[in-house]
Each structure stands twice: as C-alpha cells, then as structure tokens.
Amino acid sequence: MKIYNLTELSAINMSLLLPVYEGAVLPDPFSEYNSCLKELDLEAGKLFHLLIPQGSSSKSLLLLGLGKQEEMTARKLRETIGSAIRSFKKTLCIFIDTAAWEHLSIEEAAAEAAFGAGFSQYDFTKIGSKEEKLPEISFVSSKDIDAICQDALLAAACVNHARNLGNMPSNIMTPEVLAKEAEEMAQELNLECEILTNKELEEMGAGAILGVNKGSSHGARLITLKYEGAPGKDFTALVGKGLTFDAGGYNLKPGSSMDGMKFDMCGAANVLGALELIARRKAKVNVMAIIGATENKIGPDGYTCNDVLTSLSGKTIEITNTDAEGRLVLCDAITWAQQKGAKRIIDMATLTGACVAALGKNYTGAFTNSQAFLGKLETCSQKTGEKLWQLPIDEDFHKQVRESSVADMTNCVIGTGAGSSLAAAFLEEFVDEGVEWIHLDIAGSSDFSDGKPYMAKGATGVLVRTLGEMFR
Ligand code: BES
Ligand code: ZN
Ligand code: ZN
C-alpha cells in the first residue's frame, strides 16, 4: 500500500479510481470531466473507464458512481469501492476526497476505502494451491490518511485471518490444529497461552465439553489466550464456540443441514481475529480469548439423549438433543472464563438455526444481562455497519430451561419455539452474579454460501472489526 498526497497526483503511474456522487462537481485537476459527468448515470457501483493520455502511453481513469450523497453510509462506501476493486483485479490508486460528504469525513472515507480494499481482495486459497499475489491498492488524498489506512488494512487483515480459519475444511482444521493456530498467534504477539486437553478437562470436571467430545476421534481443546494492555485492570473474555464440525451427534443432522457445518467454529475464529486486532493495535485494555473446541460426531462412545452431564460449574444437564451441543461447550468455556477472573464476557457462537429463521443472514442476534454493556457494543457496530439485533431473555425462558426431573436443566426445550432465546437463557445460567455478559448468535451472519460483488463466499469474519472498535 502507498499513500500519495495531492501534489503527487499527476506523477501517479497507475489506474486511478475516482468516486463520484450524482450531481457532484469535481475539483481540480478533474474539473475537465465535469461536462461529461452530466451524461453519466452515477448510480452507486456503476464504473466508467476513461483513458487519459500520458506521454506516449495512457493510464486509466475509473469513474465510480456513488449514487446520492445523502444515501451514502460507511458500509455502502466500503462495499461499493470493494466491489470495484474485486471486479477490476488490477493495481489501482483510489482518490479519497470525492467520497467524503457532510456526514462522512475524508478520514472516515479513507478508513472505509482501505478496509473495503483489504476485505474485498480476500479469496480462500484452494487447499494444495499457492497463494496468489494480489494487485496493490494505493490511496491519494489532500489529508494525512497514512495511519488511518494502515489501521483499516490491519483490521481487514485480522478479519481475513478469521475468514481463513473459518473456511478451512474440518478434516484439516481439527481442534488440535485450531489450538496450534492459537498457540502460534500467541507466540507471534507475545500473549499468554494455555491449552487444556481431555486429560486436564477430566481432572477439572469440564463434563459438558467432554460429553460433546465423546463421539469424536479428535480430542477436545479449551484454549485461553490473554492480552494484557492495561495491567491491574479487569479482564473481558471473548468466548468462542469452536465446533470444528457439527454433524449433530446421535441426533444426526439431515444431509442438507450438515453441509456448511465446518463453519460451526466461526465464533472461535472470530474471537481469535478480534484478539489479534486488539493485540496488534496495542490497545490499552485487558482481553482474553477463550475457545471451546471439539467436533460433534457419532462414535461408539458418543453421548446420547437421556445422558446427564456434570458441567465445570457443577450444574448438571440432561441431554435432550445432542445437536444442541454449542451451549454445552460454551457453558464450560464461560465458567472457565470466570475462573480465570473475567468480569465481562462476550460470547460468540453459531448457536441456533432459530436465529437464522428470525433474523436472516445479515443480522447477528444479541442477548445480554446488561443493557449498558450491549449499548457500548451497539455504538461500535453502528460505526462499522455490522448489524446487531437484540432478542429477549426473561424468567420464563429460564424456567423452561430448568425443567428436568433428573438434572438441574436440559440442553434443549422441545416444541415451545424461541430457540435462540432458550439457548441464551441456558448460557445465562452459567453467568455469575455481577459479571456483565453479551451473547452473540452468529448462526446466520458467520458465512455466506454465495459470494457478493464485494466479498468471496464463505466465512465473513463478522464482528471482528466491531470488537476491535469496542476494545481500542
Ligand atoms: N450449529 C448449529 C446451529 C446452526 C444452524 C448454525 C444452522 C448455522 C446454521 C447448532 O449446534 C444446532 O444444531 N442447533 C440446533 C439446536 C436445537 C437442537 C435446539 C438447531 O438450531 O437446530
Ligand atoms: Zn448442533
Ligand atoms: Zn453447532
């Protein structure tokens, strides 16, 4: 990435992307194009390719329609610029200033353009293939946008790291390999790292994650990474569901629902991406990432309906559906986070199909025991344009979760609807008094089976950037 200032504009020897709003008047040195602009439909996303003579050769000027100024948002800008970059596939310099308007400063426009560039260029490298070199994207502006663009590209790189982990097939991205990835990240970023295997989990009594793990030939891992940027202050835990594959267990998923279940570790991938972003920024905060990793499969010892598991907290759980495994892994991870001293917890999980039914693919379902805590996250998500929608938990859901004649609770309440709220209420049973907690259900927003003009299909790295904003 290179950053140019306006005085260097004429010397830039590559294609230039010039964003233009409908009805806009271009500043110098582009004012000669103002007359032709009137003829063009500058709807957001439309690209017009002009050739500018330069000495004996020529360079390209790409006019990018941005539509109506008053309809432009941060999200729309990065998607529009991202789509242009993804389709152009060549080295490009982006002129930033004309993308700004009253409600989007040049600095904000630069951050979105740079993030959009980094995010949109990502493609998963096929297994066994070599990573392709990407065309370089540069930026030009009248303002000093160097640090802003660097930071936005860092955020995109961490989001893409999470996407890469999420996109890996489950025969490669096993719980052991996920733990190795975390360990390598810890080494690179100088983080404290602790990885517990089945032996330690048995000794400490983490019976819920171990119950899920019984049908798998790969061991479970409980992974803890700690970043301490504010010594002496309380820790927040980012807890991720790391089901490297969810076949459903003995409540086997039908084939069509099993497709895509390699993405059931996207909560884990995304909390790793967020911690990486926080640590690389050297933020003055204390954050730990805790990941419960296992497969949910069928095997001779696999857990079944009517089993009773004793969780790390000591609470007992009657299994009523082996496919409701995420909450079992998470409840031990949440207890572990509190044993490690976390005073605030944000868990992220591809937890319920009901969340996809309620909110679709663009929203993440949010649940909390602290409106103030969720309010802070919502402010950050409004800034990044990653959509959250709050869903309820109340005593009625807790009552249903606690109804069991053989244990303290069941892992699945059958036939009453509101599956996402019931799952959230189950998790809240494990949150200690005085601990602020948010649960994020990313079952819909974690991955897309079709690509979009601004993004490759697959894992989205959703909320990595928002969590990075939250812990700056
Ligand atoms: N991993 C799934 C949730 C899921 C479904 C994620 C669709 C992404 C897309 C989770 O473990 C699961 O199977 N949940 C069950 C819970 C039910 C048995 C109470 C579900 O949603 O059907
Ligand atoms: Zn499941
Ligand atoms: Zn699952």
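Leu-225 is found in strand S8 (residues 221–228). This is a predicted model, and the exercises below walk through it step by step.

### Exercise 1: A leucine in a strand

Task: Work out whether Leu-225 is buried or exposed, and how many residues separate Leu-225 from Gly-353 in sequence.

Solution. 
- Step 1. The relative accessible area of Leu-225 is 0%. Buried means under 20%, so Leu-225 counts as buried.
- Step 2. Along the chain, Leu-225 and Gly-353 are 128 residues apart. In space, their C-alpha atoms are 29 Å apart.

### Exercise 2: The zinc ion (ligand 3)

Task: Find which residues coordinate the zinc ion (ligand 3), and what arrangement the donor atoms make.

Solution. 
- Step 1. Look for the donors: Lys-241 gives NZ, Asp-246 and Asp-264 each give OD, and Glu-325 gives OE, at 2.0 to 2.4 Å.
- Step 2. Check the angles. The six donor atoms around the zinc ion (ligand 3) subtend 76 to 170°, and the arrangement is therefore octahedral.

### Exercise 3: What links the two ions

Task: Say which residue bridges the zinc ion (ligand 2) and the zinc ion (ligand 3), and where Asp-246 and Glu-325 lie in the fold.

Solution. 
- Step 1. Asp-246 is the bridge, and the two zinc ions lie 3.3 Å apart.
- Step 2. Asp-246 belongs to strand S9 (residues 235–246), while Glu-325 sits in the loop between strand S12 (316–318) and helix H10 (326–339), so the pair ties together parts that are 79 residues apart in sequence.
- Step 3. Now look at accessibility. Asp-246 is buried, with a relative accessible area of 3%. Glu-325 is buried as well, at 0%.

### Exercise 4: Charged pairs

Task: Find which side chain meets Glu-325 in a salt bridge, then look at pairs elsewhere in the model.

Solution. 
- Step 1. Recall the general idea: side chains of opposite charge can pair when their charged atoms come close.
- Step 2. The partner of Glu-325 is Lys-241, at 3.1 Å from N to O. This pair links distant parts of the chain, with Glu-325 in the loop between S12 and H10 and Lys-241 in strand S9, 84 residues apart. Both Glu-325 and Lys-241 are buried.
- Step 3. Turn to Arg-402, which forms a salt bridge with Glu-395, with 3.2 Å between the closest N and O atoms. Arg-402 counts as partly exposed at 37% relative accessibility, and Glu-395 does too, at 47%.
- Step 4. Asp-151, Arg-281, Lys-383, Glu-469 and Arg-472 are joined into one network by salt bridges that share partners.
- Step 5. For the overall tally, a search of the whole structure finds 23 salt bridges.

### Exercise 5: A buried aspartate

Task: Asp-447 is buried yet has no salt bridge. What joins the side chains of Asp-447 and Ser-446?

Solution. 
- Step 1. Locate Asp-447 in strand S18 (residues 447–448).
- Step 2. The nearest side chain of opposite charge is Lys-361, 4.2 Å away. A salt bridge needs the nitrogen within 4 Å of a carboxyl oxygen.
- Step 3. The side chains of Asp-447 and Ser-446 are joined by a polar contact of 2.7 Å.

### Exercise 6: The neighbours of strand S17

Task: Describe how strands S13 and S14 pair with S17: parallel or antiparallel?

Solution. 
- Step 1. S13 (residues 342–349) runs parallel to S17, and six bridges join them. Ala-349 stands opposite Asp-441 in S17.
- Step 2. S14 (residues 364–368) runs antiparallel to S17, with four bridges. Phe-367 has His-439 of S17 as its bridge partner.
- Step 3. Finally, check how covered S17 (residues 436–441) is: five of its six residues are buried.

How values were computed. Residues numbered from 1 in each chain as written. Chains lettered and ligands numbered in written order. Predicted model: local features only at pLDDT ≥ 70, side-chain atom pairs only at ≥ 80, totals over all residues. Heavy atoms only, no water. Donors = N, O, S within 2.8 Å, 3.2 Å for Na, K, Ca; no water. Tetrahedral: all angles 85-135°; square planar, octahedral: opposite > 155°, others 65-115°. Helix = DSSP H or I, 4+ residues; strand = E, 2+ residues; numbered from the N terminus. Buried < 20%, exposed > 50% of the residue type's maximum accessible area, 1.4 Å probe, protein only. Pairing = 2+ DSSP bridges. Lys, Arg positive; Asp, Glu negative; His and termini not counted. Polar contact = N/O pair within 3.5 Å; in protein donor to acceptor, adjacent residues only side chain to side chain.
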